[in-house]
Amino acid sequence: MPVEIIKDNWPGGVRTVTIGATAADGGTRQRTVTVGGEKTLPFLSFESPMPHRPVVAMEIKDQRPEDWSPLLLEAWGDVVDDPVDWAKAAEAAGADLIQLSLSPADLEGNPNTPARAVAIVKAVLAATGLPLLVFGPGQADLDNELLVPIAEATKGERLVLGICEDKNYRTIVAAAMANGHLVNARSPMDVNLAKQLNILINDMAMPLDRIIMDPTTGALGYGIEYGYSAMERLRLAALQGDAMTQLPMLVTPGYEAWKTKEAKVGRDVPPEWGNWADRAIHWETLTAVTLLEAGADILVLRHPESVRRVKAAIEELVIGNS
Amino acid sequence: MALSGIQIYKLLPQTNCKDCGYPTCLAFAMKLAAKQVELSLCPHVSEVSKAQLAESAAPPIRLITLSADGHQVKAGHETTLFRHEKTFVNKPGFFLRVSDDHTPAAIQAQLAPAAAYRVTYVGRELSLDGFAVESFTGDPAAFAAAVQATRAVAERPLILISRQPAVIATGLLVAGDKGTLIHAANPGNWEAMAALAKQYGAALVVQASTLEELAGLTEKIKAKGVEDLVLDPGARDLEGVLVLHTQVRRLALKKNFRPLGYPLITFPGDTADPAHEAMQASQAIAKYAGFIVVNHFEPAVAYPLLVLRENIYTDPQKPIQVQPGLYEINNPKPDDPLLVTTNFSITYFSVANEVEGSGLPAWLLVADAEGMSVLTAWAAGKFDAEKIARDLKRFNVTDKVRRKRLIVPGHVAVISGELEEELPDWEVRVGPREAVDLPAFMKQAL
Ligand code: B12
Ligand code: SF4
């Protein structure tokens, strides 16, 4: 019996965005990463091939993250004491990109300073050839204070600077524009808020191909369905031709999943939760794979085993294109 | 797909007799198309037209119900491609597969922990839905023994897997109940399989290597009077499953294409690697599977998959919530501490489970925050000093709680000043940010 395959024919598509710059383009990266360019919903290769496969960024910190799950500290070992070693280990673990997250204070409790942050970013850039995302501690004032000098000190590298929110986008966007960087525009799981932030950033004359959109997500069990649907709706809007949603999406399943009790804690939990280490990695990978299929272009993860698994899943999903 | 008013009109007697209460058949047809009236109002409509109208009104994806010992698993009746448009309705059933090349004792040992598995998430008890028995040996007797062993430990619906009708027949005989699922009818064996499905009142998976072949086969089987069908389009990898499931769901919903208007079954367990199996199963949850058959059971993977299924099948308009009010944990006395939180289920259970686990008695005021988390509710103005004070009075907290001290979540420390103003004779204390730290906080600080 004949079956008519229904192909959606979308008027719009996602822009491509390139992260990192090689020497030829004024940076020092050994390679760059290009994401976006989709003209269909995720991985529907029978409609149109996916021009750039989604990528995995590995999150590292500027110092030993005392509040991370012991499982993560154990998996990484001593490298967590030195961001340079950690960056190399992340590259060796198969990361496509590195996300360096800055802490609000050093291990003695002194507030982080621009001088320290700049030195660490430069050292990490020297240690790895991968493109870099640099995220502030997530407090608008401190983010501005640290990210502006970092942007200046790394001019031309096409870093992604985050977190750029409605509260502080002006300062970060200005610094990114003046120094040839990109921004990660984060909004709280809402199509209209995401769109509005992109408009505000674009109004400052930031080209759209230097904005990554971060719609925020929740972990499995803790609101993933809100993030999932916000992403599906944003991607549908992009395909329907809404220019201010046509940006690649970044999400942080690593951060969200490892915040949950299920991943973080091994003691005093119900026995039905099963083996801790296995559960924790499933928590991170299942959060990631679910968001991948909702349209994520960049997944920021924390555990090396999760990176391996999620990259294998991406490989299998794009095979249809080859 | 629903018929238009004009299409319906063509099926009516077109006599404009007004017996239905409408001036013309066309007016009545328009009302029918808008689903505002029932066809039964027209006493003159022919049997042929009735059947056609009923067919067009049937849901685009047929509902399939498997059952055993009072347990039911349903699949089908979905109406959307995207969960934000309308809630996905029937959660895909999880089935664990065993093979008949093991002794009955080994099968029972393998199944017992999975059959007994229960895990609680936001107050709901979650478990596997059933078991799939596969004929590996091809020997009907071995298969019957395996089915019997499975039945003995698992009072849940079964899927029987073999290409050989003779093997399936012995399994069905042993399985007994009506709500079993047979896997699978294919272009070579479909007539015998359809006959078995009919004889035993079983549902039947139809398997083929292309959608064309699959559609042709379901029509032939339907013509034999077997309509409780499930589709196995054959893919076993992430890309193939995504593409085929999307195509089948689109054809059913957008074209009302009846030959593929059935639930889908998928086999993540066919991948050898349990880690990969888990990712495939997670894809199947969001991407339209009706039945998911896995080969490995471990609580560490069953729990996240069952939670993901709850999340994806949540009503997108209405957060899962608990009743606001004053809750008692561990039999509190009037002088025991009082905590406040919101009525979003995830929030409430995070807090309640920690307090309960600590063994310390406490009162928990669950404020009506319209089902939002602490920070979301605060940002939306649903969990501020005024609202908390309102609920403290509304639920007559002081009738039971003597000590006027209220612990607020660490994430909303900013409201403590205003709360002290709203509740002048109360002491307001800021608790930890995360519920995990509550037991330690309660032991040390309260
Ligand atoms: C899911 C979510 C939503 C969902 C709603 C889910 C729901 N039913 O509440 C949606 C998408 C609808 C949403 C909407 C909004 N959201 Co929202 N959302 C989230 C998200 C991702 C997760 C929230 C969550 O479920 N957490 C899990 C629960 C369990 O956490 P919790 O309630 O805080 O409980 C924990 C603790 O507080 C503690 N605890 C709880 N009770 C108690 C009690 C005591 C005594 C103690 C000691 C501890 C304690 O225990 C729990 C576990 O540790 C967060 C960001 C994030 N990743 O955290 C943003 C977030 C909360 N949202 C935010 C905002 C701004 C909004 C909106 C205003 C914006 C918008 N998107 O339109 C709206 C407001 C809603 C409206 N007007 O309708 C902001 C709030 C910022 C701020 N600090 O004010 C956040 C932080 C995102 C951000 N970074 O910007 N959101
Ligand atoms: S009762 Fe039937 S035949 Fe008579 S007007 Fe109504 S629709 Fe037409």
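First, the ground rules. The model is predicted, so local features need pLDDT of at least 70 and side-chain atom pairs count only at pLDDT 80 or more, while totals for chains, interfaces and linings use all residues. Residues are numbered from 1 along each chain as its sequence is written, chains are lettered from A and ligands numbered from 1 in the order in which they are written, and side-chain values use heavy atoms, with hydrogens and water left out.

Let's start with chain B. Its C-alpha atoms fill a box of roughly 80 × 70 × 35 Å along the principal axes. There are 16 helices and 17 strands in chain B. Both are DSSP runs numbered from the N terminus: helices are H or I with at least four residues, strands are E with at least two. Chain B has 446 residues, and 55% of them count as buried. Buried means under 20% relative accessible area, exposed means over 50%, and partly exposed is in between, with a 1.4 Å probe and protein chains only.

Now one helix in detail. H12 of chain B covers residues 345-358. It has 14 residues and spans 20 Å from first C-alpha to last, close to the 20 Å expected at 1.5 Å a residue. That expected span is 1.5 Å times one less than the number of residues. How enclosed is H12(B)? Ten of its 14 residues are buried, so the rest of the structure largely encloses it. Among the buried ones are Tyr348(B), Phe349(B), Val351(B) and Glu354(B). Just after the helix, Gly359(B) takes a positive phi of about 80°.

On to charges. Side chains of opposite charge can pair when their charged atoms come close. Here a salt bridge is a side-chain nitrogen of Lys or Arg within 4 Å of a carboxyl oxygen of Asp or Glu. A search of the whole structure gives 38 of them over all chains.

Which residue does Asp8(A) pair with? The partner is Lys254(B), with the closest N and O atoms 3.0 Å apart. Asp8(A) sits in the segment before strand S1 (16-19) of chain A and Lys254(B) in helix H9 (residues 238-255) of chain B, so this pair joins two chains. Asp8(A) is buried at 18% relative accessibility. Lys254(B) is partly exposed at 36%.

Next, a pair within chain B. Asp270(B) and Arg97(B) meet in a salt bridge, 2.5 Å from N to O. The pair links distant parts of the chain, 173 residues apart. Asp270(B) is in the loop between strand S11 (264-266) and helix H10 (274-286), and Arg97(B) is in strand S3. Arg97(B) is buried at 8% relative accessibility, whereas Asp270(B) is partly exposed at 41%.

Now the surface. Patches are made of residues with over 30% relative accessible area and no salt bridge; like charges are joined within 9 Å, and nonpolar side chains (Val, Leu, Ile, Met, Phe, Trp, Tyr) within 5 Å. Areas come from the Shrake-Rupley method with a 1.4 Å probe, and for residues only the protein chains shown count as cover.

Glu386(B), Glu418(B), Glu420(B), Glu421(B) and Glu422(B) form a negative patch. Helix H15 (residues 416-422) of chain B supplies the largest share, four residues. Glu420(B), in H15, is partly exposed at 39%. There is a nonpolar patch too: Ile6(B), Leu26(B) and Met30(B), with about 240 Å² of accessible area together. Met30(B) lies in helix H2 (residues 25-33) and is partly exposed at 40%.

Last, the backbone. Where are the cis peptide bonds? One joins Gly162(A) and Ile163(A), with omega about 0°. Ile163(A) is in strand S6 (residues 160-164) of chain A. Another runs from His183(B) to Ala184(B), with omega near 0°. Ala184(B) is in strand S8 (residues 181-185) of chain B.

Positive phi turns up outside glycine as well. Ala205(A) has a phi of about 80°. Its place is the loop between helix H6 (191-203) and strand S8 (211-214) of chain A, and it is exposed at 58%. His77(B) has phi near 60°, and is partly exposed at 32%.

Definitions and conventions. Lys and Arg count as positive and Asp and Glu as negative; His and the chain ends are not counted. The place of a charge is taken as NZ of Lys, CZ of Arg, CG of Asp or CD of Glu.
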